[in-house]
There are 2 protein chains.
Amino acid sequence: MNPAASIDGNTYLNDTSSLVDRILERHLPADQTPPTTLHQAMRYSVMAGGKRLRPGLALAVFEYAGGDGKKAPDTIHKAMAALEMVHTYSLIHDDLPCMDDDDLRRGRPTCHKQFNEAVAVLAGDALHVLAFDLMAQTGSNRAVLELAEAVSTGGMLGGQIADVEAEGREVSYEEIKSIHTRKTGALIRGAVRIGAILADANEELLARLTVYGERIGLAFQVIDDILDIEGDEKLLGKEVGSDSKNQKATYPAVIGLEKSHDEARRLINEGLAVFADEEDHVLKFLARYIGQRAY
Amino acid sequence: MNPAASIDGNTYLNDTSSLVDRILERHLPADQTPPTTLHQAMRYSVMAGGKRLRPGLALAVFEYAGGDGKKAPDTIHKAMAALEMVHTYSLIHDDLPCMDDDDLRRGRPTCHKQFNEAVAVLAGDALHVLAFDLMAQTGSNRAVLELAEAVSTGGMLGGQIADVEAEGREVSYEEIKSIHTRKTGALIRGAVRIGAILADANEELLARLTVYGERIGLAFQVIDDILDIEGDEKLLGKEVGSDSKNQKATYPAVIGLEKSHDEARRLINEGLAVFADEEDHVLKFLARYIGQRAY
């Protein structure tokens with residue numbers, strides 16, 4: 001977790017992902033504990049890997065903002081688990097036949113394919129409530145409210161429904177920006193803010209970090225759109241071309257591929273500008289990683 | 001809200017339901033606020049009426065335990081809204097085609113019938129997170145943890161999956177008791193405990209009220225099973241006979257109709273026994289109402 005030891009954002013995420021996995025392992029119900037089907041499905045989807053970007057970001061922000069993980073590791077660890085669980089819940093529901101109808105996620109059958117739809121709906125619900133349980137266990141009411149805001153109809157859920165409703169029709173630049181800001185940006189912004197809040201960051205620092213979270217959060221989804229065209233299926237662990245097949249509203253569909261690259265670059269630079277005169281550190285590495293990721 | 005003015009539990013719930021409706025009205029997003037479809041679906045399902053038992057119980061317990069609703073009405077009111085919203089979310093997801101596949105709820109088309117499945121999944125999710133948002137706004141971390149426990153895989157969600165998995169096969173008395181205790185009992189127990197916690201009840205009183213909540217919570221579902229056989233479709237606002245059609249595990253299916261009546265009576269009496277030597281009051285009225293309800 002020593003920032004100096006992290007050559008780049010990818011290395012940092014790889015380094016923290018095993019910590020994140022251990023934390024998740026600890027806070028997920030055992031799959032032998034009834035209701036076993038539900039607990040198996042929760043574990044199946046949460047432990048399928050993934051970048052662990054949201055918990056990684058929350059930890060990096062927590063440490064950047066002076067939070068002492070050694071004094072109360074449980075606090076930030078529980079928040080990290082909550083963020084990954086709420087993210088996974090959103091993926092499970094998003095993959096359902098009535099939503100994006102995806103068969104593959106992180107290289108494996110999606111939850112409803114591996115189990116069934118009823119189990120997938122309930123496993124998503126179960127991760128949703130467990131996330132709030134864990135966040136409340138940090139003892140920070142503000143962190144709970146922050147998580148709620150991030151995944152509310154003003155945030156992630158509003159983005160998800162707008163995304164579904166935009167399928168097959170022409171959308172404007174302002175619309176796609178609003179969809180992506182909410183669908184993906186809101187939880188990444190929330191992860192950053194929760195890390196800062198748990199570190200007792202002052203309001204000025206919180207406001208600056210919020211700008212960072214917003215820019216890289218939106219950039220992340222713009223690049224997701226780009227990778228659905230230019231990406232490598234094997235690296236991504238999911239089909240490419242599905243956005244265009246499903247007539248999804250994407251940045252490349254609205255402003256073209258080249259301008260989407262420009263937009264992602266601009267957003268990453270705006271995120272980096274928050275730390276203008278500072279020496280390199282993990283939050284800068286992570287922003288650059290998001291700008292350059294191939295999966 | 002004067003207990004003496006309440007002749008019986010039904011009257012009390014009728015009296016409080018308009019208060020509950022006003023509270024819900026205040027805390028639901030306006031349906032003209034985007035995402036409009038989602039907000040419309042949330043309002044459609046939450047404002048469809050219903051007994052408002054959980055918020056009514058929470059308020060009655062809060063007042064019984066000495067909570068001062070005039071000093072901080074917002075606290076108990078937000079908790080009441082949260083309880084009804086989390087209940088409605090569970091109904092919306094429970095009605096989905098992949099779950100109970102119900103077309104009618106409270107005399108109106110179910111959420112996925114009125115809108116569509118994607119909207120129903122997300123509207124349920126949105127009520128789920130809004131409930132935690134409101135509960136966190138009470139400022140009581142303990143109330144948030146209590147709500148999480150009630151609707152977790154150890155509670156309501158565990159009961160829902162067990163209920164789905166028990167369809168079409170023989171279940172034991174112990175099993176059906178465990179399913180109902182979790183599926184319906186856990187949230188009613190939670191409503192009682194949250195009312196007590198927000199009133200700063202001492203642990204002895206909380207423990208006694210918990211017994212009350214557990215008994216009437218389980219009785220409520222036993223009577224629900226009975227009404228699916230003996231009830232009046234018009235009063236219930238839903239089809240009767242659906243449990244047997246769907247080969248659901250129910251008390252009458254496991255122990256017969258007569259013994260189910262006995263069981264409900266016994267549970268109500270055990271709930272009433274918590275207040276053995278006390279004069280009549282709202283919590284006793286509510287227990288008796290649950291024991292005698294016709295819808």
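Helix H1 (residues 9–27) of chain A has 19 residues and spans 26 Å from its first C-alpha to its last, close to the 27 Å expected at 1.5 Å a residue (the expected span is 1.5 Å times one less than the number of residues). This is a predicted model, in which local features need pLDDT of at least 70 and side-chain atom pairs count only at pLDDT 80 or more, while totals for chains, interfaces and linings use all residues. Residues are numbered from 1 along each chain as its sequence is written, and chains are lettered from A and ligands numbered from 1 in the order in which they are written. Helices are DSSP runs of H or I with at least four residues, numbered from the N terminus.

**Helix H1 of chain A**

- H1(A) has a kink of about 30°, centred on A:Ser17 (the bend at a residue is the angle between axes fitted to the seven residues ending there and the seven starting there).
- Its buried residues are A:Gly9, A:Tyr12, A:Leu13, A:Thr16, A:Val20, A:Ile23, A:Leu24 and A:His27 (buried: 20 or more other C-beta atoms within 10 Å of the residue's own, with C-beta atoms placed from the backbone).
- The cover over these buried residues includes H2, helix H3 (53–64), helix H4 (73–95), H6 and helix H15 (282–292) of chain A.

**Contact between chains A and B**

- Chain A gives 36 residues to the contact and chain B gives 36 residues (contact: C-beta atoms, placed from the backbone, within 7 Å).
- On the side of chain A, the elements giving two or more residues are helix H2 (36–46), H6, helix H7 (141–151) and helix H8 (156–166).
- H6(A) supplies the largest share of that side, 12 residues.
- The side of chain A that touches chain B has 22 nonpolar, 10 polar and four charged residues (nonpolar: Ala, Val, Leu, Ile, Met, Phe, Trp, Tyr, Cys and Pro; charged: Asp, Glu, Lys and Arg; polar: the others, Gly among them).

**Packing of H6(A) on H8(B)**

- Helix H6 (residues 117–137) of chain A and helix H8 (residues 156–166) of chain B pack at about 170°, with axes 10 Å apart (axes are lines fitted to C-alpha atoms over the stretch in contact, and angles run from 0 to 180 degrees between N-to-C directions).
- H6(A) is therefore roughly antiparallel to H8(B) (over 145 degrees).
- H6(A) contributes A:Ala118, A:Leu122, A:Asp125 and A:Ala126, and H8(B) contributes B:Leu157, B:Gln160, B:Ile161 and B:Val164.
- These contact residues divide into six nonpolar, one polar and one charged.

**B:Asp228**

- B:Asp228 lies in helix H10 (residues 203–230) of chain B.
- B:Asp228 counts as buried because it has 21 C-beta neighbours inside 10 Å.
- Leaving out residues up to four places away in sequence, B:Asp228 touches B:Val240, B:Gly241, B:Ser242 and B:Asp243.

Note on methods. Buried ≥ 20, exposed ≤ 12 C-beta atoms within 10 Å, placed from the backbone. Contact = placed C-beta atoms within 7 Å. Parallel < 35°, antiparallel > 145°, perpendicular 65-115°, else oblique.
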